[in-house]
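Thanks for coming. I will go through the pockets, the metal site and the cavities, in that order. Please have the structure up on your screen.

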Amino acid sequence: MTTLLVKNAMLLATMDGQRREISHGGLFARDGFIEQVGRTETLPGDADLVLDLDGHVVLPGLINTHHHFYQTLTRAVPAAQDANLFNWLQTLYPIWARMQPEDIYISTQIALAELALSGCTTASDHLYLFPNGSRLDEEIQAGKEIGMRLHASRGSMSLGESAGGLPPDEVVEDEKFILKDTQRVIEAYHDPDPGSFVQIVVAPCSPFSVTPDLMKASAELARSHNVQMHTHLAETLDEELFCQQKFGYRPVAFMEALDWIGDDVWFAHSVFVNDMEIDLYASTGCGVAHCPSSNMRLGSGIAPLMQMVQTGVDVGLGVDGSASNDGSHMLAEARQALLLARLKAALGGASRSEDDAPALITARQALEIATLGGAAVLGRPDLGSLQPGKCADFIAIDMNRLAYAGALHDPLAAIVFCAPINVDHAVVGGEFVVKDGQLAKVDLTDLIARHNQAAHRLMQ
Ligand SMILES: [Zn+2]
């Protein structure tokens, strides 16, 4: 048994049912799970590990619900800098086709390192191409070494250019093999228990890169193993047009026809969804990974974030792949979500309050989406808040720093409104992933050098 005591936090934001914010707060955890949360004087006086967080804000670890880790190898590629989604993909597919298994491993560690330093403790990744013998196993091994919780998607592409799809034939896989390999990784790695560090997700890439048959078979496979399903949906107007022309449906209706609606499904983006589609998400429990930076970077559009939240849709945050963001910073993404939702309100997309001023998303709502929202989207009731029985996953930020000078009237809001910083500590299941601002388990200097070599090789 290992116990952990956090004490003396300037403020501990619980994200519990009452959204309690406890000054002089702390928590007591045993074997990775929280037993008590409260003011320091109400907690046990000692533990195996004691963390005095005087001057720090403590909050639940942030949860990233959409990423493509491998894309850290192709950030800011000149030919893809100013392209919209379809052109961007067609520029990058041939580069990605050169990836080796080792590249999956290195890029996973780089993406998770960046996420952890930005406050993330649980990340979902969507890996959907497996060139040159690459497998999801490399990603899972790399994730274990960092120490974060990982929802690893066995993604897929099967509809190559010659069959009317977008990706070149060299990066698509045989459908029978996709299903067999997906079943293999579920059986080898998926852990459904509370406190799970690895879950497998079934995740065909998008309507324009797989066949309807594979979508249906993937849903059957996922449901027979009780694992979650994920794909890109309603990201751009091009995609909406493609779905209507090729399949005769709007994207969400197409998912309904394929039995891809339910509380075991979450979609990345959902920028182009109408009122009825949002109601359908809410009534069926479909989740959304909101990726504001990516949507702006690719010029895709503005998702109706607040309409979804107010209608009762589970919405989490996603930094999206690093070739379309190009940073994996969760606090930056929470800030970006707040700013973009406010812009949308100004453009007339939000309901009006009594004085006819747009109703604006608050800093606390942005943090709630990044924590509780992400936990709901990933189907993780054991994550997202600091309460007895939940995982001891939290981050701590020293408020005595340049970025927050003059903002201590409201330390929690300062974390969203002020310039995004790297956190001082990130703890997952009671263990440090980030300690004193440094990665606790992996040497970052060596990792960056190997990652840059791999990125350079891919561009040859
Ligand atoms: Zn994506």
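I start with the second largest pocket, whose lining residues divide into 9 nonpolar, 4 polar and 4 charged. In this count, Ala, Val, Leu, Ile, Met, Phe, Trp, Tyr, Cys and Pro are nonpolar, Asp, Glu, Lys and Arg are charged, and the others, Gly among them, are polar.

Before I go on, this is a predicted model, where local features need pLDDT of at least 70, side-chain atom pairs count only at pLDDT 80 or more, and totals for chains, interfaces and linings use all residues. Residues are numbered from 1 along each chain as its sequence is written, and side-chain values use heavy atoms, with hydrogens and water left out.

The second largest pocket holds about 270 Å³ of space. It is lined by 17 residues, and the closest to its centre are Val 315, Glu 368, Ile 369, Leu 372 and Gly 373. The largest share of this lining, 7 residues, comes from α12. Helices here are DSSP runs of H or I with at least four residues, strands are runs of E with at least two, and both are numbered from the N terminus.

As for terms, the search uses a 1 Å grid over the protein atoms alone: a cavity is a set of points where a 1.4 Å probe fits but cannot get out, a pocket is an open set with protein on both sides within 12 Å along at least five of seven lines, and lining residues have an atom within 4 Å of a point. Points are joined across faces, edges and corners, and a volume is the space filled by probe spheres set on them.

The largest pocket has a volume of about 360 Å³. Among its 23 lining residues, Gln 199, Gln 228, Leu 378, Gly 379 and Arg 380 are the closest to the centre. Two or more lining residues come from each of β11 (265-269) and α12 (363-377).

Next, the metal. The zinc ion has as protein donors His 66 (NE2), His 68 (NE2), His 232 (NE2) and Asp 320 (OD), at 2.1 to 2.5 Å. Donors are N, O and S atoms within 2.8 Å of the metal (3.2 Å for Na, K and Ca), and sites may look incomplete because water is not among the atoms. His 66 is at 0% relative accessibility and His 68 at 3%; both count as buried, which means under 20% relative accessible area with a 1.4 Å probe and protein chains only.

Last, the whole structure has 3 cavities of 30 Å³ or more. The largest cavity holds about 130 Å³, and His 232 is one of the residues closest to its centre.

Notes:
Buried means under 20% relative accessible area, exposed over 50%, partly exposed in between (1.4 Å probe, protein chains only).
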